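Trainee: Could you walk me through reading a model like this one? I'd like to learn feature by feature.

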Amino acid sequence: VTITTRLLVSHLSGIRHYEKDIAKVKEEKEKANRALKLTKSHQEKEQKEKEGKGIEKTDCVKQKKEHDGETKSRNSKPGRKDKEFEQEEYYLKEKFESVIESLKIFKNDPLFFKPGSQFLYSTYGFTLLSAVVERASGQKFTDYMLKMFRDLDMLSTVLDDNEAMIYNRARCYVYNKKGRLVNAPYVDNSYKWAGGGFLSSVGDLLKFGNALLYSYQAGQFTNSNGKLLPGYLKPGTVAMMWTPVPKTEVSWDRDGKYAMAWAVVEKQQQYGCCRQQRHYASHTGGAVGASSVLLILPEELDPGAPGAWPLAPPRGVVVTIICNMQSVSLNSTALKIAREFEKEKRAQ
């Protein structure tokens, strides 16, 4: 078979995640799909009942639908995160000198499916991707990334190295089996730098989100008289990264599809005066003792409207939340915050 970097970045490679037993993975997927079908059939039944009674779709109904959708998104695939953290490989303590060396963890394991045929979120797929970067760049992946963070002015973003003295590093917490709050266990993340091995701050993640948003919109601002600096990435590159890929899914947002290292929700509205989907990109993060989210809601720009072109991008809302607690769902909260800021801006 052939595995491309595009398959890796969209989790279509067939490389396993932490669970080694393909039968258990299939069982979890089937359970999730059954739950999703039951939810959809219940929604359709409710819709038919409302139409039969002639109930008007008022703002209240619209708000309830939005609330229900967010609740289902927040509670999608219940228990998945907790079960995931039961996997032994989450708690590896071995130190690897390079990402090439860390490939030994999974390189001899069979693929779960033919590359490109199915979706399976895989941290190890990103470990292989980081090895590609290491070989292509001719330098250690960690050095390559730290230079990139410096270019982006993300000076607080560093490797989660246990030995290093890192200013303001937070303590991480988990709930034990008795439901008590305890310190998170010691782990060494050198086996998965690309999939969850960096420490950052809210300020740095906002810089990262704005740099991507600026790059995405820079090509649309033609009225800048050539004074606009180029984005860190080409507009077409970010657009490609934020284009949903077929056969993918997103566990933390059922409205979305996976793209290239991002979950993306496309703009959509099926019925008048009913629930609207806004275009946004997001990604959550889950580690031993920590949870996070970064969500980017681009402003909808209309080139034809008078005065629609502001002086410069980025235009939109970027929300990030970092929590030093394991298995906290944050995507729906971030989306609510982004919508509130967007409403406030429209009202001005």
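Mentor: Let's start with one side chain: Lys147 is exposed, with a relative accessible area of 52%. Buried means under 20% relative accessible area, exposed over 50%, and partly exposed in between, using a 1.4 Å probe and protein chains only. Before we go on, this is a predicted model: local features need pLDDT of at least 70, side-chain atom pairs count only at pLDDT 80 or more, and totals for chains, interfaces and linings use all residues. Residues are numbered from 1 along each chain as its sequence is written, and side-chain values use heavy atoms, with hydrogens and water left out.

Trainee: Which side chain does Lys147 meet in a salt bridge?

Mentor: General idea first: side chains of opposite charge can pair when their charged atoms come close. The cut-off is a side-chain nitrogen of Lys or Arg within 4 Å of a carboxyl oxygen of Asp or Glu. Here Lys147 pairs with Asp151, at 3.2 Å from N to O. Both sit in helix 7, 4 residues apart, about one turn of the helix. An α-helix has 3.6 residues a turn, so residues three or four places apart point the same way. Asp151 counts as partly exposed, at 44% relative accessibility.

Trainee: How many salt bridges turn up in the whole structure?

Mentor: The search finds 16. One of them joins Glu89 and Lys20, whose closest N and O atoms are 3.8 Å apart. That pair links distant parts of the chain, 69 residues apart: Glu89 is in the loop between helix 4 and helix 5, and Lys20 in the loop between helix 1 and helix 2. Glu89 is buried at 10% relative accessible area, whereas Lys20 is exposed at 55%.

Trainee: How do I check the length of helix 6?

Mentor: Helices are DSSP runs of H or I with at least four residues, strands are runs of E with at least two, and both are numbered from the N terminus. The expected span of a helix is 1.5 Å times one less than its number of residues. Helix 6 has 15 residues, 123–137, so it should span 21 Å, and its end C-alpha atoms are 21 Å apart, which agrees.

Trainee: Which residues of helix 6 are buried, and what covers them?

Mentor: Among the buried ones are Thr123, Tyr124, Phe126 and Leu129. Contact means heavy atoms within 4.5 Å. The cover includes helix 1, helix 5, helix 7 and helix 8. Just after helix 6, Gly138 has a positive phi of about 75 degrees.

Trainee: What about rings? How many aromatic pairs are there?

Mentor: Rings of Phe, Tyr and Trp (its six-membered ring) pair if their centres lie within 6.5 Å; planes under 30 degrees apart count as stacked, over 60 as edge-to-face and the rest as tilted. The whole structure has 12 such pairs. For Tyr90 and Tyr91, the centres are 6.3 Å apart and the planes are at 50 degrees, so that pair is tilted. Phe106 and Tyr124 are stacked, at 5.0 Å centre to centre with 20 degrees between the planes. Phe106 lies in the loop between helix 5 and helix 6 and Tyr124 in helix 6, so the pair ties together parts 18 residues apart in sequence.

Trainee: Are Phe106 and Tyr124 buried or exposed?

Mentor: Phe106 counts as buried at 7% relative accessibility, and Tyr124 is buried at 0%. Ring pairs also link them into a cluster that includes Tyr18, Phe85 and Tyr191.
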